[in-house]
Structures are given as C-alpha cells and as structure tokens.
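Dear colleague,

I am handing over the structure below for your files. A short account of the findings follows it.

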Amino acid sequence: MSHSVPLQALLQQCEQEPLAYSGAIQPHGALLCIDADSQFITHASANLQEFTGLDAKVLLGQVYTTVDWLQRSLQTLSFPLKKSLFMERVSKTEEGQWFDLRLIHAETVILVEIERSQNRQHYSELQHYQRLLLKPPDSATDLIEYHQILLQAVQVVTGLSRLMIYQFHPDWSGEVIAELAAPGLGSYLGLRYPASDIPAIARQLYLRNPVRYIPDIRAEPVLLLSADGSSADLSLTDLRSVSPIHVQYLSNMGVAASCSFPIVIGGQLWGLLACHHYLPLKLSPAQRRLCANVVTSYKLGLAHYFTSHRLKLLDSLERRAEKILRQIFDHPDPQDNIEKNADTLMAAFDAEGFAAVFNQNVVTVGMALEFSELAVLDQYLTEHEEGILVHDHLIELFPNQALPLAVAGVLAIKADSRRQIGRIHLYWFRVEEKQEIAWAGNPNKPILEDAGALILSPRRSFEKWVEVRSGYCRPWSDAEKLLANRLRNMLLSWL
C-alpha cells in the first residue's frame, strides 16, 4: 500500500500527542486538583466516591477546607515552596480505614493523588542491596555488577517478571544494557529500540516524575471532571492515563503491567529502569517509593563512576594531546614531521588515515580522501560553526559527492594560527566497517488506515531483527572526542 502522507509527518503527530492533557486518569487511584491561590477544587476524578465517599460533582467549585481530612493534609505542605512533594498516610473514616495520599504542589495548582492503602511489608533483603549500591563502581566490570544489583533490589520489592536497564544513545534510540528476567521469557539484552518508541514528549515527562506506573494496561481510564470545562495539566501526577499508542505497544509485547523509573544524570535523561509484568500487578505507593529510593542510590553511584572515569581520562589527555602536537610542530617543517610520525598520529585516534591542511599546503597519509574530495570537506569544516567535526557516516554530509566507499568517517579539528602557518585543519579518517544492529523487532512502524485516516501502529513483533548498515565507520568514542577538544584547545594556545 502506498501513502501520500510522509512517515515523518506521522512520527511528528506522535510527538505532539497531548500526554499531559489526557483528561483522564488510571483507575487504581483518584485525583483532585486545587487552585493554589483561590483554594477552590477545580477538577476531580469521576471515581472519587469509591475512594473517599465524596461525590466529585458536589466537590467541584468548593473550597478544599470543607473536607476535614483534606484540610489537615494540606496544612503539611510548605506553600511558599514550588513543586514540592509530600506523602503521608491519612485516616479515611472513623472506623480506621486508611488510604495513601500524595500531595504535589506545583506553581499554580495542588494535585492530590489518592490510593487505597495496603499492608506495609518489611523487605529485609533490600538492606543488603542498598549497602552494595552505596559503593560506587570503580571499573567497567564493577559497573556491570552494579547494574545487576539495582535489578535484583527492585525485583525483591516488586516481584516483576522482567527488569531492564535501558540506556539512551545520542540519537535517542535505546539499548538494553542489563536485564533480569524470569525463566522462559527469553532475553532483550543487547537489543536496540528506535527513538520513536519513547518520543521526546514522553522523555520530558520522565524528567519530571520519579516513576511511571501502569498496573493494568486494559483498565478503563477514569474521566477527570472539571468545574469549568477546562483541561488540567497532569504532567506531575503518575495517575495520568496511558496513551492508547503505548497501550497497544505494551500489548504487542505481551505485557500487562509496567513500571519505569527514569535514570537522570547531570540533569539529563541517561536511561530508564524499565520493568514489565505479564499479568496485572498492584504495587503500593510504599513499594514504588522504596524502588525510587533504590534508583536514587544507583544514580548517585553511576554519576560518581562517570565523574571519576572522566577525571582519570582528562588527566591522561593532557599528555596525549601534547605528544601529538610535538610530533607535528617540534621541527620547522610540520609536513615532514607528519610523514615521519604517520603511524603514531593515526594510532592516536585509532584511525586508518590522516590529513593536515596548512593554508594551501596539504599532506595526507594512509587511507585519506583524495585532494579534490578533501577540498570539499575542508570547505565544509571552514564554514562549520564548531571547531571540531565528528562524523561516522561521511557520505551523509555530502550525498551528491562521489566519495570513496573505503573512507566512511572523519574526526576533524580546525584552528587559526597567529604565526605564519595561518589556518590549520587536522583530519583523522576511518574506513568503512559493516555494522550489525540488533533491534527488538523491525524498527520501522507499520502505517495503518483507521476511519480513512493514516496512523502509525506500534510494531507487532519484538523478536531480534538485525539491520546491516553500510557506509559507516567504527563510532568515535567519548574519550576520543574529549581528546580532540583538548588537542584543539592546546593547539590554539600553542599557535
């Protein structure tokens, strides 16, 4: 079937789905929205009576102080503080029934999440894992074990069938880098997922919430009633209903319940702890809080590992960058030096070719571009805003240029000299290497027709699907990018 609507347009529609304004919540809880200034109840979920005995329609438009337990609970919030969270256990009736309350004070609204209280359990095994998470990993081997400690700790608390640490790549595709699964489930370890599986709008919500919990994907959403017909911003409540696209996605995986915890490092979404269960599963607020606390400990250890690793790397980069510069500029004729030190210069970035442009003078060694092709690349680098260019698919930059297939990637540095040498551009080249990427199913989503409209459907299979890529080199590592940056800074100071 051919369609006139481009795939990109359909992907854009997914990105713009108003997740935070769904107008409904999941039925395992009830929700109230209170205007922080006027103190009026502006929204209430249609199932409020089941949880509290109060009629949602009657409450709408009233001041929250008319409800005794709600008034007592909100007194605990520090109102001058914006976006503060508070959790407590509140008595529902004089008979001693209890429910869990989560109060979220945003800038202009107070959200009140209500769930039935369950028995508090003491997870004695969890203390063992928490102690292990207090010791940050020192090496790559330690890091692998550290991932598993997190998975084991959360599994102890939740009993979930499959737990995965899912790391985002720079293009926002993701990869399962650690996994703990029940026997017989198969494995997703090492599989990749396209960026469109978790669109940008969903990633933004993960940055704002410590957990996303869906106890039953088939549960009917509950409408959020409004006093004035307006839609409430549900960004900060985990009760927010689930996108129909995501429900279908989980259903296609055979998943009945899920729970995900964002892994945020340095203010950036580094990955997710993604957990699946194949039957509906109720996790109490206390269980979810315990898991969120464990994830926080893990994030601190992970951040410590990355910082320590980076500091060790930076310490060695100074010496490596100085060695490279001396190999080029220690004698009056840099071109002679390059030819004498060709192998060493290429090895510095694990490259198969090298080129240097000194004003109009050009020298190349190894598997480098021809002069005419290098001239096109050099003009691009000249106009490039950044001082460093890193690319592992060079033909993408010049789709109409007949570049040799053998040269697939480039790392380039540009600097302007105050001396007679003038302009300096340094290039490292890598040859093509066939790449096999193991995806969890074909990453291309099918296009379906629904009531005359074209829509994207989540893929139906998550079996291993291998993509073979041509025209790519080995990816340039973060360490190599740091070295390039340090080398350029030193080059500018030398010149």
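Alanine 195 is partly exposed, at 23% relative accessible area (buried is under 20%, exposed over 50%, partly exposed in between, with a 1.4 Å probe and protein chains only). This is a predicted model, in which local features need pLDDT of at least 70, side-chain atom pairs count only at pLDDT 80 or more, and totals for chains, interfaces and linings use all residues. Residues are numbered from 1 along each chain as its sequence is written, and side-chain values use heavy atoms, leaving out hydrogens and water.

Alanine 195 lies in the loop between strand E9 (192–193) and helix H7 (200–208); helices (H or I, at least four residues) and strands (E, at least two) are DSSP runs numbered from the N terminus. Not counting residues up to four places away in sequence, alanine 195 touches Asp171, Trp172, Ser173 and Arg203, where contact means heavy atoms within 4.5 Å. Its C-alpha atom is separated by 9.8 Å from that of proline 170, 25 residues apart along the chain.

The axes of H6 (residues 140–158) and H9 (residues 285–329) come within 9 Å and cross at roughly 175°; axes are lines fitted to C-alpha atoms, for helices over the stretch in contact, and angles run from 0 to 180 degrees between N-to-C directions. H6 and H9 are therefore roughly antiparallel to each other (the term applies to angles over 145 degrees). Among the residues in contact are Leu143 and Tyr146 in H6, and Leu290 and Tyr298 in H9.

Yours sincerely

Note on methods. Angles under 35 degrees count as roughly parallel, over 145 as roughly antiparallel, 65 to 115 as roughly perpendicular and the rest as oblique.
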